[in-house]
Amino acid sequence: MVVLCVPPSRGDLAGWLAGGVAFVLFVLNLAFFPAISNGAVLTHVVHWMPEYGLDLKLRMDGYSWLFATLITAIGMLVVAYARYYMSRNDPIPRFFALFLAFMGAMLGLVLAGNLVLIAVFWEMTSIVSFLLIGYWHHNAAARDGARMALIMTGTGGLCLLVGLLIIGSIVGSYDLDVVLASGNVIREHPLYLTVLILVLLGALTKSAQFPFHFWLPHAMAAPTPVSAFLHSATMVKAGIFLLTRFWPILSGTPEWFWLLGLAGLATLVLGSWFAIFQQDIKGLLAYSTISHLGLIVVLLSLGSPLAAVAAIFHTANHATFKASLFMAAGIIDHETGTRDMRRLSGLFRALPYTATLAMVASAAMAGVPLLNGFISKEMFFAEAIETHQLNILDTVTPYLATIAGLFSVTYSLRFIQSVFFGPPATDLPIASPHEPPRWMRAPIELLVLICLIIGIVPAYTIGPFLHLAVVSVLGVRTPEYSLSIWHGFNLPLVMSLVALVGGVILHFILKNYLKTSPEGPPLIRRLEGQRVFERVLVAVSWKWARAVEAFAGTRRLQPQMRLLFAIAIAAVGVPLFLARFNPPEVTLRAADPVLALVWLVGGACAIAAAYQAKFHRLAALVLLGGAGLATCITFVWFSAPDLALTQFLVEIVTTVLILLGLRWLPKRYEKVNAAEENALNVRLRRLRDLVMAVIAGLGLATLAYTVMTTPQGQTIGDEFLKRAYPEGGGTNVVNVILVDFRGFDTLGEIGVLAIVALTVFALLLRFRPATDSLEKPEQQRIQNAFDAGHPDRDDGESAAEYIFLPSVLMRWLFPVIGLFAAWLFFRGHDMPGGGFAAGIAMSIGFILQYMAGGTRWVEERLRIHPLRWAGIGLVLAASTGLASWGLGYPFLTTYFQYLEIPHLGKIPAASALIFDLGVFSLVLGATVLILIALAHQSVRAPRAHARAQKRAAAAAAEEAPEWN
């Protein structure tokens, strides 16, 4: 017997890995239950900015434990389901990576113990859900749904961020424990209504509440596993989690009751009404999710502790039956090739097990007795008939609740009857559907079993966990409540019976109409939020943006720079004027003639560069380099060698890179109206630019002079000088500031540098210069002569690549520059140098190689991986901060020690050296990435031009007449 060993695919490995991670998280969460059951609140604090009260605090109580259990348990089941659902043609590793990121973002949200951390994880859920909804990005519906979800939830997230910051300002702390204990302070504050509106905007947009509900049905373009997870335990439940978490501090006021009650009731009724008329199974389930979320919001709006208990209970119940229903819908789609209920019929014969599971879950969604949805729905009806506020909204709530319950029975019955009963379907894309693999159905079986056992014995199953969650939210306000199945023949039971009977009757009334009706409900079809959203989006992104562009936009760079300079001057000048700033008296001294000469040369170069920019860009660039060199000399003169070194190296690199790009700059914009180009207008524009330049220069000079003449001990620089060596272990104060005192700023700056490099690279890849102006006549003449002397060269190879003597010298300089860069790097902590200067110096070595041998020669002989260098740099810089966390210190705390090395002496071995190595690697990678993009563009364009000329010549030869 021969055994064939087939290696597992990457998708299988990714599925097993994702399932293993979810399982480990689930087990870890269960391990915390003994401590949580004793009433403990588990916290773990990682100090971030202790001086500002900003710490990365993780906090777990009974409510967050219940949510974490839902997230990890349902996530684990959905991963197992997705392993069979996803096609092997899909990029499955990317799917599972995004899925785990989604799970992690949601876990971070429910476990965050700091308001700022809540906002961070809130936005992470929006971003990752955007990527998951648009996973099949080749599908236009997926792209549109992802964009809509991101705009709606992202806008709400910004509002939430502002609200959380105001709460922190009111309370005086961003710590969640302090905030939860300050309910009276927040409710009595004048900004309470502002805070409430901002928080509700964040929560209602995330949980798809009216009028922001329309994005959720369009998110159904995501793969079904994503929909199952998003609707049950993540994303839309984030808003519910936040409202429940903040219930003790924001509820109990008329504003809370009206704002939340109106949104919740409208969502409850409209969501259930829209669900009835959906033809897509996932569309029906999406609107049912909207309706059930509205039910939970209504319960929270009532301000009653019993209503809050019912809200928490229904949140858990909804997660179980909704996850199972979405996975059942995925099986139906997987086995039949369609989700259109007008085409589906009689599937009970082909999928009896799946049909039975789906029917039980649908019954739980409809609130049928002996299922978990029935108990929480009864609690909802019981609270709806109680009097909470003496107003019309409280009066109509029981009637609207009954109507919504009736609608839920209708759409649940429609799903069951349309899909599983009736004659067998004859026009399915897959002719012979059958039961899915056993383990694809297993997650649904487990969830449906939970719906049954909770519905039959709730007090012994969900009861202990629900009690822990309720106590952690309500505290001393926790009421007495019962999870019994039978409470006697009472008004809530009558409401349930009315909803059940009325829902069945409404289904039979609409049965024939729904089989042929178009998508969407009658009467109010035109009120769908998507239309409003698209019109607003068109108005903002097209009409308004075009109007602003026409008013303030320009094709020229100079007006844009002028506007930026004006804004910068105003941003500095207005506050100084309002503060009545008095600049210090200027003490004139005899100027050193050498320094005066340097300044005169530098000023002349700057003025000449401004003049030459209109006529000759290359000359302007050379003159600009002269002004930069004068600045370097000035830095040296005033004892700032570190700045001088960095400025000098940057001048070299930027000059070369700009030289490579000068060739592709567009021609200068010529105004159509020649009357505006008279001499007077030209003089006025130049005078305006001169005035702005003088104001900006004098402002910076005043600022610098003010700092330098401030008495000792009154500036932040004195503090840096005093603490640089004792706490940072370095005598080069500038370097210590960059890698230690303000290391977090540097980390952000190198991140921005990486983004800029990637952006430039991407733009240059798409850039295609016009082929009619690629080479000037003199360059073409030299190239033609070179072509005649080198007939065996590659097409389009540059003559400059064969220049011998200078290229040899530049190649020999590469190891010398490498040693120079290493010298700069290792001395940077005590002497002028450091990672940034070393990275720039090393990039000069690569620039020389490209200048000497050309693109092909360099890349054939040197391994150039700028993206890897930049990535490694970011990882090294971030890992330095994470290491300090692991040792119990604030982020990026530095440890230093001097090592005695033979023949080298004392070498600083500070942890900041690793951070500086990350800076070096990223600066080198970003600079070389831009260099490669420009170099390839410079080589590709002449070759493209040559190929275009050959094609044109061949076409002309074919069209020419043949002469005998």
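Q: Which helix is Lys-237 in?
A: Lys-237 sits in helix H12, residues 236-245. Helices (H or I, at least four residues) and strands (E, at least two) are DSSP runs, numbered from the N terminus. This is a predicted model, in which local features need pLDDT of at least 70 and side-chain atom pairs count only at pLDDT 80 or more, while totals for chains, interfaces and linings use all residues. Residues are numbered from 1 along each chain as its sequence is written, and side-chain values use heavy atoms, with hydrogens and water left out.

Q: Is Lys-237 buried or exposed?
A: Lys-237 is buried and has no salt bridge. Buried means under 20% relative accessible area, exposed over 50%, and partly exposed in between (1.4 Å probe, protein chains only). A salt bridge is a side-chain nitrogen of Lys or Arg within 4 Å of a carboxyl oxygen of Asp or Glu.

Q: What lies 2.7 Å from a polar atom of the Lys-237 side chain?
A: The backbone oxygen of Ser-232.

Q: And which residues is Lys-237 in contact with, leaving aside neighbours within four places in sequence?
A: Phe-67, Met-106, His-231, Ser-232, Leu-293, Thr-315, His-318 and Ala-319. Contact means heavy atoms within 4.5 Å.

Q: Back to salt bridges. How many are there?
A: The count is 14. Lys-57, Arg-59, Asp-61, Asp-175, Asp-177 and Arg-245 are linked in a network of them.

Q: What does Arg-441 form a salt bridge with?
A: Arg-441 meets Glu-435 at 3.4 Å, N to O, and Glu-445 at 3.1 Å. Glu-445 and Arg-441 are four residues apart in helix H20, so about one helical turn separates them.

Q: Which of those are buried?
A: Arg-441 and Glu-435 are both buried, Arg-441 with a relative accessible area of 8%. Glu-445 counts as partly exposed, because its relative accessibility is 24%.

Q: Which salt bridge links distant parts of the chain?
A: Asp-427 forms one with Arg-343, the closest N and O atoms being 3.8 Å apart. The two residues are 84 apart in the chain: Asp-427 is in the loop between helix H19 (392-420) and helix H20 (438-456), and Arg-343 in the loop between helix H16 (305-336) and helix H17 (352-366). Asp-427 is partly exposed at 43% relative accessibility, and Arg-343 is partly exposed at 31%.

Q: Switching to aromatics, how many pairs?
A: There are 27 aromatic pairs. Rings of Phe, Tyr and Trp (its six-membered ring) pair if their centres lie within 6.5 Å; planes under 30 degrees apart count as stacked, over 60 as edge-to-face and the rest as tilted.

Q: Why is the Phe-380 and Phe-381 pair tilted?
A: The ring centres of Phe-380 and Phe-381 are 5.8 Å apart and the planes are at 35°, so the pair counts as tilted. Phe-380 is buried at 2% relative accessibility, and Phe-381 is buried at 1%.

Q: What about Phe-825 and Phe-826?
A: That pair is edge-to-face, because the planes are at 80°, with the centres 5.2 Å apart. Phe-825 is buried at 8%, whereas Phe-826 is partly exposed at 49%.

Q: Which rings form a cluster?
A: Phe-95, Phe-96, Phe-99, Phe-102, Tyr-135, Trp-136 and Phe-229 are linked by ring pairs.

Q: What is the overall make-up of the chain?
A: The protein chain has 37 helices and four strands. Buried residues make up 47% of its 964 residues.

Q: What is the mean pLDDT?
A: The mean is 83, and 85% of residues reach 70 or more. pLDDT is the predictor's confidence in each residue, from 0 to 100.

Q: Which elements have the lowest and highest mean pLDDT?
A: Helix H33 (residues 777-789) has the lowest, 45, and helix H9 (residues 192-206) the highest, 95. Over residues 770-783 pLDDT stays under 50, and the model has 15 contacts there beyond four places in sequence. Where pLDDT is low, the predicted coordinates should not be read in detail.

Conventions
Lys, Arg positive; Asp, Glu negative; His and termini not counted. Polar contact = N/O pair within 3.5 Å; in protein donor to acceptor, adjacent residues only side chain to side chain.
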